[in-house]
Amino acid sequence: MATQKIDGITFRIKKKHKFPFLRKYGKVFCVFDATDSDNISFGTDNGENKYFIKVAGAKTMRSQPSQEDAIETLRASTSLYAELAHPHLIEMVEHFAHDDLYVVVFKWADGDCLFDYWNFDYYAKHNIASPRDRFAQLPRTKKLNAFRTLFDFLLHVEEKSHVAVDFYDGSIMYDFARDCVTICDIDFFRKAPAVNDVGEDFWGTKRLKSPEEYLLGAPIDAATNVFTLGALILSFFGSHTDNETDEMYQRNAFRPSKYETWELSEALYKVALKAVAPDREKRYSTIRAFGEAWEANLDTIKD
């Protein structure tokens, strides 16, 4: 392990690396060095604008893929950010190669990641509520508005003939001051039609993955997007015990939160359950159909 410092900000890295291009974007005020994507990211401020700068190729402490794979993934993602541009997707500014690195520059977006696993130990040690916990405690009207944004974004993805791969709560930021959602990571999204070409280890968290995301050769499509969003809804308007979450990891199978933990109406619970049906033919076939069913039943919520 090596320790490195830029503009007074200390971060950890497996091997020290030079990042001279950061100067163009101002002073570094934060570094994200503990993700497992093999990317290291910097927040910079030039006095007028802030930027989020994602860099592939410098070995982070938790990096897993090869340097070449990380660079190719980040390079390929730039076409996704361009084609899927949306008011609630982090905005790409430019991208370029620098020596043995690849760099993507985004406009900075305020907010907290709803699954910032790199901070979990700190939250536990200092008895601080995580952003996910804070979001879960919001009034349900604010959460419902946030999920309207997610429906809108995934409908946009669907209409652009793409599928949302590795889309989870860690891809979502929430600005608690403005009650605004930003999608911050779509690096593994794919153009449709797509298939699971990896098998059991297809990208995604086992807390939200659909059955086809474990099955080599299975289609990954709009019905998969429906499952992912349904699982997110069940996760945020219901809850799982630690044992239930452990079981999902052990069995490679999502399980819906129990109705007893559900904070909305029974009608909406049934809508969410249909979205996560293990048999893909029994789900809503599109995000549009899922969204229409969801909206049609919102008036069943009782104060």
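Keep in mind that the model is a predicted one. The sheet is open and has three strands, while helices α5 and α8 pack against each other at an angle of about 35°. The two residues to look for are Gln4, in strand β1, and Asn252, in a loop between two helices.

**The three-stranded sheet**

- As background, strands of a sheet pair through backbone hydrogen bonds, and the pairing can be parallel or antiparallel.
- Here the strand order is β8-β10-β11, and the pairing is antiparallel.
- The edges are formed by β8 (112-113) and β11 (180-183), each of which pairs on one side only.
- Look at β10 (residues 172-175) next: four bridges link this strand to β11 in the antiparallel sense.
- Helix α4 (residues 140-159) lies across β10 and β11, and runs at about 35° to β11.

**Helices α5 and α8**

- When two helices pack, the angle and the distance between their axes describe the arrangement.
- For α5 (residues 222-237) and α8 (residues 287-296), the angle is about 35° and the axes are 9 Å apart.
- Their crossing is right-handed.
- On the α5 side, the residues in contact are Asn225, Val226, Leu229, Gly230 and Ile233, and they meet Ile287, Phe290 and Trp294 of α8.
- Sorted by class, this contact has six nonpolar residues, two polar ones and no charged ones.

**Gln4, a buried residue in a strand**

- You will find Gln4 in strand β1 (residues 2-6).
- Gln4 counts as buried because its relative accessibility is 12%, below the 20% cut-off.
- A polar atom of the Gln4 side chain lies 2.4 Å from the backbone oxygen of His17.
- Beyond its neighbours within four places in sequence, Gln4 is in contact with several residues, including Ile9, Phe11, Lys16 and Phe19.

**Asn252, a buried residue in a loop**

- Asn252 sits in the loop between α6 (242-251) and α7 (266-275).
- Is Asn252 buried or exposed? Its relative accessible area is 18%, so Asn252 is buried.
- Not counting residues up to four places away in sequence, Asn252 touches Glu200, Lys206 and Tyr214.
- Its side chain makes a polar contact of 3.3 Å with the side chain of Glu200 and another of 2.8 Å with the side chain of Lys206.
- Ala58 is 194 residues from Asn252 in sequence, and their C-alpha atoms are 32 Å apart in space.

Terms used: Residues are numbered from 1 along each chain as its sequence is written. This is a predicted model: local features need pLDDT of at least 70, side-chain atom pairs count only at pLDDT 80 or more; totals for chains, interfaces and linings use all residues. Side-chain values use heavy atoms; hydrogens and water are left out. Two strands pair if DSSP finds at least two bridges between them. Contact means heavy atoms within 4.5 Å. Axes are lines fitted to C-alpha atoms, for helices over the stretch in contact, and angles run from 0 to 180 degrees between N-to-C directions. Buried means under 20% relative accessible area, exposed over 50%, partly exposed in between (1.4 Å probe, protein chains only). A polar contact is a pair of N or O atoms within 3.5 Å; within protein, one must be able to donate a hydrogen and the other to accept it, and residues adjacent in sequence count only if both atoms are side-chain atoms. A crossing is left-handed if the near helix is turned anticlockwise from the far one by less than a right angle, and right-handed if clockwise. Ala, Val, Leu, Ile, Met, Phe, Trp, Tyr, Cys and Pro count as nonpolar, Asp, Glu, Lys and Arg as charged, and the others, Gly among them, as polar.
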